[in-house]
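Let's take a walk through this structure together, one piece at a time. Keep the picture open while you read.

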Amino acid sequence: MGSILNTDNLVKRFGGLTAVDKVTLNVEEESIVGLIGPNGSGKTTLFNVLTGVYRPDAGKIFFRRERIDGLQPHQVYIKGLVRTFQTPKIIQKMTVLDNVMLAVRNPGESLLAALFRRRRWIGFESRLRERALEILRFLGLDKHAYTPASELSGGQMKLLEIARALISEPKMMLLDEPTAGVNPVLAYTIFDRVEELRKRFGITFFIIEHRIELLMKYVDKVYVMHQGKLIAEGGPNDVMNNPDVVKVYLGSV
Amino acid sequence: MVINWLQVLMNSLVWGCMYLLVAVGLSLTYGLSRFPNFAHAEYVTFGAYMAYMFFSILGLDLYLSVGLAVLSSALLGGLSYVLLFKPLKSRGASLIHLMVASIGLGLLIRHTLMQVFGGGILSFKMIWPCISIGPVVTTPLLLTAIATALIVATLLHILLMKTKLGKAIRATADNPELAAASGIDMDRVSLFTWLLGAALAGFSGVFLAMRSSLVPLLGWKVLLQAFAITLLGGIGSFYGTLAASFILSLSENLGVVALTWLGLSADYRSAVAFIVLVSTLIIKPEGLISTVKRRA
Amino acid sequence: MPDPLMYALDAVAYAGIFGMLSLSLNLEYGYTNLANFGKVAFFMVGAYVAAVMARMKYPFAVYALVAALVAGFIGLLTSLPALRLREDFLAITMIALGEVMKLIVKNEEWLAGGVWGLSGIPPAVVVQGLSFRERLLVQIALIYGCLVACYVVCELIAKSPYGRVLKTIREDELLAAAYGKNVFRYKACTFALGSAVSGLAGALFAQYMGTVSPYMFEPTVTFSVWMMVILGGPANNTGAVLGAFLVEGFHRSSRLLKDYIGLPLDPINLQVMLTALLVITVVFYRPQGLLKERITPLDRGLLKKLKPMYRRVKTWVRS
C-alpha cells in the first residue's frame, strides 16, 4: 500500500502564533490513523490546512501523489478528501435527508439542468435519496429523515456529520472528534462503523480524538501534536509509553 | 488651461475638513455598533435644516443657531441609537435588518424634513466676501470650517488619548468582548459615540448648506464620500478617518481638474469616491488603520 | 378625479412588475443571503435597454430578452468583484453603484436622454380599437403572464438540488465548500439570474409607463423591494409576491390617506414616511416575515405535478 496523504514541513501562522509548525506526516492507504494532543495544539487547524480552508505559509501537501496545497476547499473535496467538523455543521432550515443529500455532487446542481434538463437529474436524485436513506438506516437516523435537522439531538447531529461524509464516497476521511459528547456505546458503534468502512470500501481515516483509550483500540498509527509540532508518532503502544507524550498530557491536566 | 494648483490644494483642504466632520461619526458608530448607518447622511441634513430653522425662521443669533443645530443633531443620533438600533441589536437583528432599518430611518427623517420645510431649495441668504490669500481665494465660511475641523480633531485626539472615556472608546472599538469583560460600560460608550457622531455630522451639514444651498438630499450627496473615507481609513479608526478625509478630498479635486481637462461633466466627481471605495475593498478592505477585527 | 378602477388597475400592474423584482431579490437574499442593495440599478438597465429598442420598433419578445440578458450580464460582471465582499461592504458598494449609474445616465444625453429620459415608448401589445381600460387589461395580462413564468422558474430553482446548494451556502459557506460546491460560482450565477429577472421587469415597466427617466429609479425603489421580501417572508416565493402586493397596496393607500386625514400633507412624503415606519416595525417585531420558509423534501408537490404536465406538453408539441 502506498501513501495516500503526506505533508512536507507544513507551516501555518496566525500573526505571531505558529499554529502548525513544520508538520511532516504520512498516512498509508486504507489505514486508520489517529491524531491526539492537548487542546489548542493545532489539530483542527492542521485539518483546515489540509482541506484548503487555510493556505499554508510553507510546506507541501500531497494527496494520492498530487500536490493539493493551495487548492480551495471545494477542489480538495473533488479530489476525494472529505472532512467532518468538530461542531456539527447542520443546516437548520433543511430536513435531515437534505442535509445528507447535499454532500454529493449532483447534476441537478447546475442552474441550467435545474430548469431545463430535469430528466437528467430526477433519476439521479431518487437513487441518491435511496442511498441516503440507506446510510441513515445504517446509522440509526432513518426515522428522522424528513424532520428538520434542527430537531436532532447533539449525538444525532454527530451521526449526521458522518452520514454526510459517508455518502460522498471519499477516498479518505478526516474526522474531527467524531465521538465528542456522544455516549460510550454510540462511540464504540461509530468506530466499529469506521472499521467496517475501511474493510468494505477501502477508505482511509485520519481521526482527531480525545477518547484515547477508545482510539487506541482501532488505529494502526498515532500522531501526537503539541503546540503545533508533531512530538511523537508510531503504533498505539509505543506512543502511549513515550515519556514526552505522557509529560504533555500530565502537564496539561 | 491654466490650473491654479494652490487653489486646488485649498479646495482639498476645505473639503477634507468638511468630509472629516461627516465621516468621523459614521466611522465610529460603524466600528462600535458593527453596521453601516445609512441614516447618518440625514443627521447631516437635519443639522442644516435645524440651523436654518433657528437662524432664518426664528431669527436667532447665528452662533446660537449653529450651536442648537449641533445639539439637535446629537439628540437625533442619540434617539436613533436608543429607540431603534440598540433594541434591534438586543433582539439579535441581523446585519441586513440593521442596514434596512437604517435606510428606513434615513428616509423617514428626510421626508419629515421635506414635509416640514418643503422639498425645494432653501438658502441661508448669506453673502460671503471673497478673501484672497495670495493666489488662493476663499471665504470666511470656509476658513471657519477649516478651523472647526482642526479644533474638533485636536479635541478628539485629546479625548481619545488622554481621557478615561476616550480610552474606553478605543478599547471597545478594538475588542468589544474584552472591553465589556474589563468592566467598561458599553452602553455609555456607545451612546456617547452616537451623540458625538451625529453632532459632528450636523455641524458639517451647516457648513455644507451655508456653502451652497439647502436641499433635502444634502447629506445623501456626501454619503458616498463618507463611506469611501470610512473604509479607506479603517472602520472605527479616528486617525484613519482623519487621513482618509484628506486623501479622498485631494483625489476628488484632482479628479475634477482631470474631468474639466477631459471635457467631462464635473458631476462625475462622485465617481472618484466610488473608485476609491471599490479600490479599497479590493486591495485592502481593512483600510489604512484597521482597529476592528474582521468578522471571519 | 381619477377613475378609481383605473387607479386600482394601475396598482395591480405595478404590483405585478414589483412582484418580479421581489422574486428576484428573494432568490438573491432569501435563498443565498446576497445583500443586493442595488436592485434598482438592474431594473433601470432593463428599462433603458427596452426603451431604446422599443423606440426603434423592435418587438417586445426581442427587446425584453435583450433587456434581461444585458441586465444579467451586468449583474454577472458586478458580481465578480463584489460577491467576495461581506454583506455590509456589498450593500454599500451596490448602493453606490446604483447612484453612479444614475449619474452616467443623467449626464450622457446621447446615451439615454439625460435628465429628460426617453419617451414615446410604444406598449408591447397593440390591439386596434380598444378603450383605455381594455388596453390596461391587456398590459396586466402581459405583466402577470411574465410574473407567473418568473414564479415558476423561482419555484423550480428552490425545489431543485441547485436550490439546496443555495440554502447551504446561505447558512454555512464553509460547509458548502467542504462538500465540493464552488460557492463563488453559485453566488455569481444566482446574482446574474436575479439581475436578468430585474431587467425583464424593467422592460415591462418601460413599455407600461411609456417613458423612462433617471428620476424613476431612486434608491427608494430598492428599499421598497427589500420591504417586500422581508415582509412576505424571505425564502418563500409566494411570500415574495404577497409582499409585493401588500407593499404596493400600502403605498397606494398611504397616498390616498392624505384625502382622509385632512392635514396638508404631501402624499409622496406621507407614503415614504409610513413605509419607513412599516419597515422598522416589521424588522422589530416580525423580522422573519409573514410566510415561513418551507422545509419540505425536494421532489414532493411541484415535481409530481409538473412531470405529467411536461409529458402532456411534449405530446401536444409533437402532434
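**Where the chains meet**

Start where chains B and C touch: 34 residues of chain B are in contact with 31 residues of chain C. Here, two residues are in contact if their C-beta atoms, placed from the backbone, lie within 7 Å. Before going on, note that this is a predicted model, where local features need pLDDT of at least 70 and side-chain atom pairs count only at pLDDT 80 or more, while totals for chains, interfaces and linings use all residues. Residues are numbered from 1 along each chain as its sequence is written, and chains are lettered from A, and ligands numbered from 1, in the order in which they are written.

On the side of chain B that touches chain C, helix 4 (95-117) of chain B gives the most, with 15 residues. Helix 3 (62-90), helix 9 (218-233) and helix 11 (269-283) of chain B each supply at least two residues as well. Helices (H or I, at least four residues) and strands (E, at least two) are DSSP runs, numbered from the N terminus. By class, this side of chain B has 25 nonpolar, 7 polar and 2 charged residues. For the classes, Ala, Val, Leu, Ile, Met, Phe, Trp, Tyr, Cys and Pro count as nonpolar, Asp, Glu, Lys and Arg as charged, and the others, Gly among them, as polar.

Now look at chain C from chain A: 27 residues of chain C are in contact with 31 residues of chain A. Helix 7 (161-171) of chain C brings the largest share of the side of chain C that touches chain A, 7 residues. That side of chain C has 16 nonpolar, 4 polar and 7 charged residues.

Next, stay in chain C and find Leu200(C). Leaving aside its neighbours within four places in sequence, Leu200(C) is in contact with Met20(C), Gly46(C), Ala64(C), Ala67(C), Ala68(C) and Cys146(C).

Finally, turn to chain A, where an open sheet of 6 strands has the order 7-8-9-4-10-11, with mixed pairing. Two strands pair if DSSP finds at least two bridges between them. Strand 7 (81-83) and strand 11 (229-234) of chain A are the edge strands, each pairing on one side only. What sense do strands 10 and 11 of chain A pair in? Strand 10 (residues 221-226) and strand 11 run antiparallel, over 5 bridges. In strand 11 of chain A, Lys229(A) is the bridge partner of His226(A).
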